[in-house]
Amino acid sequence: MQTISSYDFKGKRALIRVDFNVPLNDKFEITDDTRMRAALPTIKKIIEGGGSPIIMSHLGRPKNGPEEKFSLKPLVNHLSELLGGATVKIAPDCIGDEVKAMAENVKPGEVLILENLRFYKEETAGDEEFAAKLAENGDCWVNDAFGTAHRAHASTAVIAKFFPNDKMFGYLIESEVESLDKVVKAPQRPLTAIMGGAKVSSKITIIENLLDKVDNLILGGGMKFTFVKAHGGKVGSSICEDEFLETALNIEKLAKEKGVNLYMASDVVAADAFSNDANTKVLPIGEIPDGWMGLDAGPDAIEDFKKVIEKSGTILWNGPIGVFEMEAFAEGTRAVGEAVVEATKKGAFSLVGGGDSVAAVNQLGFADGVSYISTAGGALLEYLEGKTLPGVAAVRGE
């Protein structure tokens with residue numbers, strides 16, 4: 001398998017599939033360029049190697065072909081700035097004779113952005129003919145869009161067959177896969193997974209798959225109330241999925257059979273309203289009265305979690321412990337973050353993934369203290385579920 005570090009890009013047009021699906025405001029200004037910055041090491045490597053990056057991406061979810069509001073034009077000037085003033089041009093389309101001519105005439109060091117791939121339904125359909133037309137624009141293919149690696153789209157997987165000896169991961173996917181493998185394939189023990197968030201239903205498959213791998217599983221966030229109610233506890237008006245009570249009991253049973261230590265909050269910070277200004281009190285987890293809801297882990301639970309985390313060799317954190325966006329209910333998430341940072345200082349490998357937990361780590365100031373922050377959502381979760389990601393398999397030739 002080729003690697004971006006050893007490949008010779010001199011004089012080559014490198015088709016890079018990136019994830020430039022960035023948020024734009026009503027003036028078409030980029031409001032968060034994290035995804036663009038994540039691709040910079042790969043783009044710079046190609047430029048420094050004497051090649052020409054030809055960038056492919058989607059933006060939004062256009063449904064009726066080309067629409068100006070989904071054009072990649074607003075990204076041109078910003079990408080040029082991020083690359084220190086490099087010449088960045090945009091093609092009027094992503095396939096066709098005019099695009100092909102622009103790609104053939106791009107000079108080393110110049111960057112060409114192809115227009116939104118999803119202006120064609122063939123992209124998401126994984127159409128081979130469309131992939132072949134895209135492939136005509138480059139001499140090699142670099143997949144650096146981990147956020148779409150779980151999709152078998154034309155540009156993320158199918159295109160690989162047209163570059164049998166000239167396909168590779170970009171630095172972002174390379175680091176994502178390496179980091180995830182440190183958790184799921186070769187972890188330092190003990191391995192602790194911290195699963196938060198509101199619903200059991202969205203995490204069932206991941207939890208079941210992790211039970212074969214982890215030593216400790218900490219369940220935080222709103223999902224724990226489904227477990228509490230399954231045992232007859234009172235959860236008041238806390239979030240709870242009644243249709244998953246049996247599932248919760250099965251997860252507990254499975255954890256016991258596999259020798260996994262399962263931890264849930266013994267106490268909670270309950271509130272009489274979903275508001276930062278609500279009245280609050282600390283209560284045992286199964287004794288929340290009607291009209292009250294649990295919005296954060298209590299002090300006893302926090303101490304229990306910290307002890308487990310700080311003794312861990314590998315930590316996976318997906319989902320906050322409480323409603324961290326409100327300061328009154330941020331302590332559980334903050335304390336867990338501090339414990340993860342502390343464990344990392346002692347030599348543990350820590351990976352944070354999933355939108356809410358990444359937001360929490362950034363908001364609470366722990367980003368520099370963890371080993372790796374994953375940029376992916378669905379791809380990360382599917383990898384943790386044990387699924388094959390088409391965008392990864394295509395590069396590996398699996």
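Helices here are DSSP runs of H or I with at least four residues, strands are runs of E with at least two, and both are numbered from the N terminus.

## About the model

This is a predicted model, in which local features need pLDDT of at least 70, side-chain atom pairs count only at pLDDT 80 or more, and totals for chains, interfaces and linings use all residues. Residues are numbered from 1 along each chain as its sequence is written, and side-chain values use heavy atoms, with hydrogens and water left out.

## A loop serine

Let us start with Ser312, which sits in the loop between helix H10 (299-310) and strand S15 (314-318). Ser312 has a relative accessible area of 7% and so counts as buried (under 20% is buried, over 50% exposed and in between partly exposed, with a 1.4 Å probe and protein chains only).

The side chains of Ser312 and Thr192 make a polar contact at 2.6 Å. A polar contact is a pair of N or O atoms within 3.5 Å; within protein, one must be able to donate a hydrogen and the other to accept it, and residues adjacent in sequence count only if both atoms are side-chain atoms. Setting aside residues up to four places away in sequence, Ser312 touches Pro190, Thr192 and Ala348, where contact means heavy atoms within 4.5 Å.

## The cavity

On a 1 Å grid over the protein atoms alone, a cavity is a set of points where a 1.4 Å probe fits but cannot get out, while a pocket is an open set with protein on both sides within 12 Å along at least five of seven lines; lining residues have an atom within 4 Å of a point. Grid points are joined across faces, edges and corners, and a volume is the space filled by probe spheres set on the points.

One cavity of 30 Å³ or more is counted, and the largest cavity holds about 80 Å³. Its lining consists of Val18, Asp19, Phe20, Arg35, Ala38, Ala39, Asp144, Gly147, Leu172 and Thr375. Helix H1 (residues 34-48) gives the largest share of that lining, three residues. By class, five lining residues are nonpolar, two polar and three charged (Ala, Val, Leu, Ile, Met, Phe, Trp, Tyr, Cys and Pro count as nonpolar, Asp, Glu, Lys and Arg as charged, and the others, Gly among them, as polar).

## One annotated group

In an unreviewed entry, UniProt gives the feature "binding site" at Asp19, Phe20, Asn21, Arg35, His58, Leu59, Gly60, Arg61, Arg118 and Arg151. Of these residues, Asp19, Phe20 and Arg35 belong to the lining of the largest cavity. UniProt positions follow the numbering used here, feature names are shortened, and annotations may be inferred rather than shown by experiment.

Gly60, between strand S2 (52-56) and helix H2 (76-82), is buried at a relative accessible area of 19%. Beyond its neighbours within four places in sequence, Gly60 is in contact with Asn21, Phe70 and Arg118. Arg118 lies between strand S4 (111-113) and helix H4 (121-125) and is buried at 16%; the residues that Arg118 touches, not counting those up to four places away in sequence, include His58, Gly60 and Arg61. Arg151, by contrast, is partly exposed at 38%, in the loop between strand S5 (140-143) and strand S6 (167-169).

The largest pocket has a volume of about 810 Å³. Among its 29 lining residues, Asp19, Arg35, Thr375, Ala376 and Gly377 are the closest to its centre. The lining of the largest pocket divides into seven nonpolar, 16 polar and six charged residues.

The second largest pocket holds about 530 Å³. Of its 30 lining residues, the closest to the centre are Gly197, Ala198, Gly222, Pro320 and Asp356. Strand S14 (293-297) and H12 each supply at least two residues of this lining.

## A second annotated group

Another "binding site" annotation in UniProt, also from an unreviewed entry, covers Lys203, Gly294, Glu325, Gly354, Gly355, Asp356 and Ser357. Gly354 and Gly355 from this group are in the lining of the largest pocket.

Lys203 is in the loop between strand S7 (191-195) and helix H7 (204-210). With a relative accessible area of 10%, Lys203 is buried, and, residues up to four places away in sequence aside, Lys203 touches Met195, Gly196, Met223 and Asn318.
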